[in-house]
Amino acid sequence: MEKISVIIPVYNDEEYLAQCLDSVLRQTYSNLEIILVDDGSTDSTPPELCEKYREKYANIRILHKKNGGVGSSRNAGLEMATGEYVLFVDHDDLLSETHIEELYKLLKKNDADIAVGNFNHFIEEKRAYGIWLKEDDYFEKTYTPEEWFTVEYETVPYNMSIIFAVPWAKLYKKSLFENIVYPINARVEDDLTTWKIYLLADKIAYMNKAIYTHRIFENSVSAQANKTAVFPLEAVEERISLLSQLGFDITTEIEAYCYRLNICIDTALKDGDYLKYRNAKQKMAILKKYKKI
């Protein structure tokens, strides 16, 4: 069995971290290196809990570092990783027991560089699951990077737009991260980074099965951040620039950019940010002139 490095950024999570770690330790795939990156937790419980797990399990490694955000934690975890493959888990989420084994088999069967699964979410305040996949929805499909970008913004029925952006529910060849660096100054770092990893792959294998449970909180980053932080303009601007040079069809990227520009315009107007508002309006006017949107 090839070694897989499981990277878990940790910050101030005393209630759910143990559940997350237990779900990783219960995996049917056993050759795991579990890397916990404590991002300067201000609560003493997460560091203490991490150390207790390390004392009990030989395959757990820990880094305690100054707070720098989840992007810096992912970078630090990647620097520590010694496995042939990498998998990310958010510290308050849960894996199905066969999560890693299924992704590994999917990747190997299709000679892919990245294996991708789907997810359910658990709404903490309501204590309820959001489930959109049934057993008979299962299918497998392999994509080239160019084909994978055609499903980037699909939402119905499989929430592919979320799957596309997030780093979790995926198994990656570690070699893909040789020159990948997550931004450390962005509130939401995944939309700025994950798509670049796809471009470095030759083949992406997908299975339409919920193998990951993503916990949702009303006070989460994505819930509290304004929409311009959750849907950063610069992510689409960079994609349009690079994908157009590669000869990809950027029609949906232009549509997504217009959507985000409208969000930026509305948010800037509400915030009284005159310069941001005028800048976004200017870009929209240019797009309307040349793209006839």
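Helices here are DSSP runs of H or I with at least four residues, numbered from the N terminus, while strands are runs of E with at least two. Helix 11 is followed by glycine 272, whose phi is positive, near 75 degrees. Please keep in mind that this is a predicted model, where local features need pLDDT of at least 70, side-chain atom pairs count only at pLDDT 80 or more, and totals for chains, interfaces and linings use all residues. Residues are numbered from 1 along each chain as its sequence is written, and side-chain values use heavy atoms, leaving out hydrogens and water.

Now for helix 11 itself: its 21 residues reach 30 Å from first C-alpha to last, close to the expected 30 Å (1.5 Å times one less than the number of residues).

Next, look at helix 12 (residues 274-291): its axis comes within 9 Å of that of helix 11 (residues 251-271), and the two cross at roughly 150 degrees. That makes helix 11 roughly antiparallel to helix 12 (an angle over 145 degrees). In the contact (heavy atoms within 4.5 Å), the helix 11 side includes Cys258 and Leu261, and the helix 12 side includes Met284 and Leu287. Finally, threonine 251 and lysine 291 lie 40 residues apart in sequence, with their C-alpha atoms 9.9 Å apart in space.

Technical notes
Axes are lines fitted to C-alpha atoms, for helices over the stretch in contact, and angles run from 0 to 180 degrees between N-to-C directions. Angles under 35 degrees count as roughly parallel, over 145 as roughly antiparallel, 65 to 115 as roughly perpendicular and the rest as oblique.
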